[in-house]
Amino acid sequence: MSLYSVLPDDLNPQCLPNHVAVIMDGNGRWANQRGLPRVVGHRQGAKILKDLLRCCKDWGIGALTAYAFSTENWRRPTSEVDFLMVLFEKMLRKELKEMHREGVCIRFIGELEALSPSLQAEIKRAMEETADNTGIDFNVAINYGSRSEIVQACQQVAQKVERGELSSEAISEEILSQHLYTAGSDPDLLIRTSGEQRLSNFLLWQLAYTEMYFTRAFWPDFDRGEFHRALQTYQQRDRRFGNAKDGVTEAKNQVAKRVKEPVLTA
Ligand code: IPE
Ligand code: IPE
Ligand code: MG
């Protein structure tokens, strides 16, 4: 059995993130450093994503969401955009059978209507074939932009109000979440590679309480060892969600203190 085929000993299986999101950045710079065309970085990046998905499954993580192409990435040279679109299609065609066998439930998020008909057909096939799989949820964001996702969710909610299916007072965070592509599943951990520390229009709503991990490693170098380090860091974080320090323990201390200490009034 190879190193990292099972969850490393120093990670607590009870405290793993259930949902990991990745901004796969640095493919171009990885290739440039080697004197290679940028697209070679994209090809290597696709292999790394495939292995990360398998790793997440091996280590018991419930969902992986990967940012593959943003609504802003159309600004790149046509040759690079074309290469990426063909790569997505080829990967899907090549890997679908194996992903299905491994129990991956694959979903694509983003404005998919703008993609080529042949890519849309592969996406549809992949989503339909794997819809009932329960091994791991794998969301791929293609032609995805978070602001546009939020606007579309608002439009859908507004249409329900117009049709009298919902009152404006009933609009809640939960209802809006349900109209996002991710439908209520927020990532616990976000990883961005390549040293950039920004969200680039990715999951702005869903990341409200997500732990962020930034690494200088370029995406094509983000192997299981790198992921292990990200999870070690995650497990050292204290997720408070607005609560007092050390969440539950602190809440208990407050109760104990209230018993002992006189109440101070303003
Ligand atoms: C990420 O790598 C892949 C996509 C955005 C499609 P980049 O292509 O952004 O690589 P850098 O950031 O230029 O190195
Ligand atoms: C973000 O990377 C988009 C994806 C990883 C798909 P970019 O390389 O496009 O982001 P910026 O331009 O550096 O913000
Ligand atoms: Mg980039």
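Mentor: Let us begin with the second largest pocket of this predicted model, whose lining has, by class, five nonpolar, no polar and six charged residues.

Trainee: Which residues line the second largest pocket, and which element gives the most to its lining?

Mentor: The lining consists of Arg 43, Ala 46, Lys 47, Lys 50, Phe 83, Val 86, Leu 87, Lys 90, Met 91, Lys 94 and Glu 95.

Trainee: What is the volume of the largest pocket, and which residues are closest to its centre?

Mentor: The largest pocket has a volume of about 870 Å³. It is lined by 41 residues, of which Met 24, Asn 27, Tyr 67, Ala 68 and Phe 69 are the closest to its centre. The elements giving two or more residues to this lining are H1, H2, strand E2 (63–70), H3, strand E3 (104–109) and strand E4 (136–144). Sorted by class, the lining has 21 nonpolar, ten polar and ten charged residues.

Trainee: Where does ligand 1 sit, and how many residues surround it?

Mentor: When a ligand is present, one asks first where it sits and then what surrounds it. Ligand 1 sits in the largest pocket, where helix H1 (27–33), helix H2 (38–59) and helix H3 (78–101) are the elements that give two or more residues to its shell. The shell counts 13 residues, the closest being Met 24, Asp 25, Arg 29, Arg 38 and Arg 76. H1 gives the most to this shell, with three residues, and by class the shell divides into three nonpolar, five polar and five charged residues.

Trainee: Which atoms of Asp 25, Asn 27 and Arg 38 come into polar contact with ligand 1?

Mentor: In Asp 25, a side-chain N or O atom is 2.8 Å from an oxygen atom of ligand 1, and in Arg 38 a side-chain N or O atom is 2.9 Å from a ligand oxygen. In Asn 27, by contrast, the atom belongs to the backbone, and its distance to an oxygen atom of ligand 1 is 3.1 Å. Of the 380 Å² of accessible area that ligand 1 has on its own, the protein covers 87%.

Trainee: How many cavities of 30 Å³ or more are found, and what lines them?

Mentor: A search of the whole structure finds two. The largest cavity, with a volume of about 60 Å³, is lined by Lys 50, Leu 53, Arg 54, Glu 95, Glu 98, Met 99, Glu 102 and Val 104. By class, that lining has three nonpolar, no polar and five charged residues. The second largest cavity holds about 30 Å³ of space, and its lining is Ile 48, Asp 51, Leu 52, Cys 55, Phe 222, Asp 223, Arg 224 and Phe 227. H2 and helix H7 (224–236) are the elements that give two or more residues to this second lining, and H2 gives the most, with four.

Key. Residues are numbered from 1 along each chain as its sequence is written. Chains are lettered from A and ligands numbered from 1 in the order in which they are written. This is a predicted model: local features need pLDDT of at least 70, side-chain atom pairs count only at pLDDT 80 or more; totals for chains, interfaces and linings use all residues. Side-chain values use heavy atoms; hydrogens and water are left out. A residue is near a molecule or strand if one of its heavy atoms lies within 4 Å of it. A polar contact is a pair of N or O atoms within 3.5 Å; within protein, one must be able to donate a hydrogen and the other to accept it, and residues adjacent in sequence count only if both atoms are side-chain atoms. Accessible areas come from the Shrake-Rupley method with a 1.4 Å probe; for residues, only the protein chains shown count as cover. On a 1 Å grid over the protein atoms alone, a cavity is a set of points where a 1.4 Å probe fits but cannot get out, and a pocket is an open set with protein on both sides within 12 Å along at least five of seven lines; lining residues have an atom within 4 Å of a point. A molecule sits in a cavity or pocket if more than half of its atoms lie within 2 Å of its grid points. Ala, Val, Leu, Ile, Met, Phe, Trp, Tyr, Cys and Pro count as nonpolar, Asp, Glu, Lys and Arg as charged, and the others, Gly among them, as polar. Grid points are joined across faces, edges and corners, and a volume is the space filled by probe spheres set on the points.
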